[in-house]
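The sequence and structure are shown first.

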Amino acid sequence: MAFASEKMNTLYRMFEDSSHAENYSMYRLGYPEELKQSILTFMADNGCNQSDTRLLLDIGCGTGISTRLFSDSCTSCWGVDISYEQLKQAISRKGRNVFYLMSLAESTCFKDNTFDLITVGQAWHWFDADRFNEEVKRILAPHGCIAVYGYSFPTILNHDKAQEILYKFYTVTLAPYWSERRELVRSHYSSLVLPFKTKFRNDNLSINVKVTLNGLLNYIDTTSAAHLMNKINPGNTITKDFKQELAVAIGGSDVSKDFNPLLDIRASVFMEIAKKD
Ligand SMILES: C[S@@+](CC[C@H](N)C(=O)[O-])C[C@H]1O[C@@H](n2cnc3c(N)ncnc32)[C@H](O)[C@@H]1O
């Protein structure tokens with residue numbers, strides 16, 4: 001897969017910023033328990049390793065949100081990422097049986113046939129897909145599984161006008177700042193081709209949470225597009241104006257602590273899993 005206009009170095013740097021990583025760690029949406037169950041059910045149904053010595057590798061682990069999800073279902077969970085700052089946040093929230101290492105997705109230091117489960121949460125679109133598949137074939141144990149998943153930009157369910165403003169911000173204001181790789185997320189990874197025959201896709205999952213207005217705005221600031229926009233235009237009032245518009249639509253006058261209503265948020269989750277033959 002070629003993305004000629006983007007140099008790999010630029011991609012790595014998108015997550016290499018300490019304040020961004022800190023916000024990421026605090027405000028990113030978590031994955032639903034049903035996602036984990038869907039992955040474990042596929043593994044059980046297809047005769048994968050059910051023993052209590054299960055080893056997991058979460059690639060592009062970021063601050064460890066996706067790695068910690070499996071910490072009570074595996075003996076050891078390893079998270080790897082190329083961003084030092086993201087890993088620093090992951091380590092500061094270290095869960096039980098969770099270990100982190102700095103590594104490229106496409107060439108890890110692990111031995112052949114090591115892992116029972118490899119997961120990739122909202123990170124596959126940043127990888128070189130062909131080289132990544134080769135690495136997965138190498139380090140996955142026989143009958144091991146690879147699960148790749150992600151989620152769409154959130155929608156506000158309980159305020160139509162606020163949802164309209166949010167959608168416009170996502171599709172118009174942020175448009176120049178999304179990487180062309182964002183299209184892969186928008187298409188729910190429709191071009192994903194995992195390198196094994198036994199597969200399952202689940203498009204019926206979602207993140208459903210109640211988030212305060214400020215929580216939602218902080219989440220939006222963690223997206224790569226908002227981060228890049230603020231970096232390129234220091235001191236801009238774009239985000240501030242958007243926040244103001246959103247607050248007024250919901251019935252407040254500003255985004256002060258005094259006006260911080262709870263919003264019903266939904267993001268669709270998509271997941272594909274495949275078993276090594
Ligand atoms: C959107 S974050 C997802 C983090 C986490 N998995 C989650 O679910 O929240 C994408 C992560 O992929 C990492 N990443 C991007 N390209 C990478 C590569 N080639 N090798 C390793 N990590 C990479 C970034 O540094 C970033 O932390």
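**Basis and overall make-up**

The model is predicted, so local features need pLDDT of at least 70 and side-chain atom pairs count only at pLDDT 80 or more, whereas totals for chains, interfaces and linings use all residues. Residue numbers start from 1 along each chain as its sequence is written.

The protein contains 11 helices and 8 strands; these are DSSP runs numbered from the N terminus, with helices being H or I of at least four residues and strands being E of at least two. Of its 277 residues, 38% count as buried. A residue is buried if 20 or more other C-beta atoms lie within 10 Å of its own, exposed if 12 or fewer, and partly exposed in between, with C-beta atoms placed from the backbone. Contacts are defined by C-beta atoms, placed from the backbone, that lie within 7 Å of each other. Among contacts between residues at least 6 apart in sequence, 77% join residues at least 24 apart.

**The ligand shell**

The ligand is surrounded by 20 residues, of which Gly60, Gly62, Ala105, Gly121 and Trp126 are the closest. A residue is near a molecule if its C-beta atom, placed from the backbone, lies within 6 Å of it. By class, this shell holds 10 nonpolar, 7 polar and 3 charged residues. In this scheme Ala, Val, Leu, Ile, Met, Phe, Trp, Tyr, Cys and Pro count as nonpolar, Asp, Glu, Lys and Arg as charged, and the others, Gly among them, as polar.

**The pair α7 and α11**

Helix α7 (residues 160-173) packs with helix α11 (residues 238-250) at an angle of about 160 degrees, and their axes are 8 Å apart. The angle therefore makes α7 roughly antiparallel to α11. Axes are lines fitted to C-alpha atoms, for helices over the stretch in contact, and angles run from 0 to 180 degrees between N-to-C directions. Angles under 35 degrees count as roughly parallel, over 145 as roughly antiparallel, 65 to 115 as roughly perpendicular and the rest as oblique.

From α7, the contact is made by Lys161, Ala162, Ile165, Leu166, Phe169 and Thr173, and from α11 by Ile238, Phe242, Glu245, Leu246, Ala249 and Ile250. This contact comprises 9 nonpolar, 1 polar and 2 charged residues.

**Residues of strand β8**

Strand β8 spans residues 262-275 and includes alanine 274. Alanine 274 counts as buried because it has 24 C-beta neighbours inside 10 Å. Leaving aside residues up to four places away in sequence, alanine 274 touches Cys145, Ile146, Leu194, Phe196, Thr198 and Lys199.

Phenylalanine 270 is also found in strand β8. Phenylalanine 270 is buried, with 22 other C-beta atoms within 10 Å. With residues up to four places away again left out, its contacts are Tyr149, Gly150, His188, Tyr189 and Asp203.

Most residues other than glycine have a negative phi. Histidine 143, in strand β5 (residues 140-151), has a positive phi of about 65 degrees. Histidine 143 is partly exposed, since 15 other C-beta atoms lie within 10 Å. Histidine 188, in the loop between α8 (182-186) and β7 (198-212), has a positive phi near 55 degrees. Histidine 188 has 19 C-beta neighbours inside 10 Å and so counts as partly exposed.

**Two exposed loop residues**

Glycine 251 lies in the loop between α11 and β8, and is exposed, with 11 other C-beta atoms within 10 Å. Arginine 96 is placed in the loop between α5 (84-92) and β3 (98-102). Arginine 96 counts as exposed because it has 8 C-beta neighbours inside 10 Å.

**Separations in sequence and in space**

The table lists C-alpha to C-alpha distances for pairs that involve residues described above.

| Pair | Separation in sequence | C-alpha distance |
|---|---|---|
| Alanine 274 and histidine 143 | 131 residues | 9.6 Å |
| Phenylalanine 270 and asparagine 204 | 66 residues | 7.3 Å |
| Arginine 96 and cysteine 77 | 19 residues | 8.8 Å |
| Glycine 251 and proline 261 | 10 residues | 9.5 Å |

Methods
Two residues are in contact if their C-beta atoms, placed from the backbone, lie within 7 Å.
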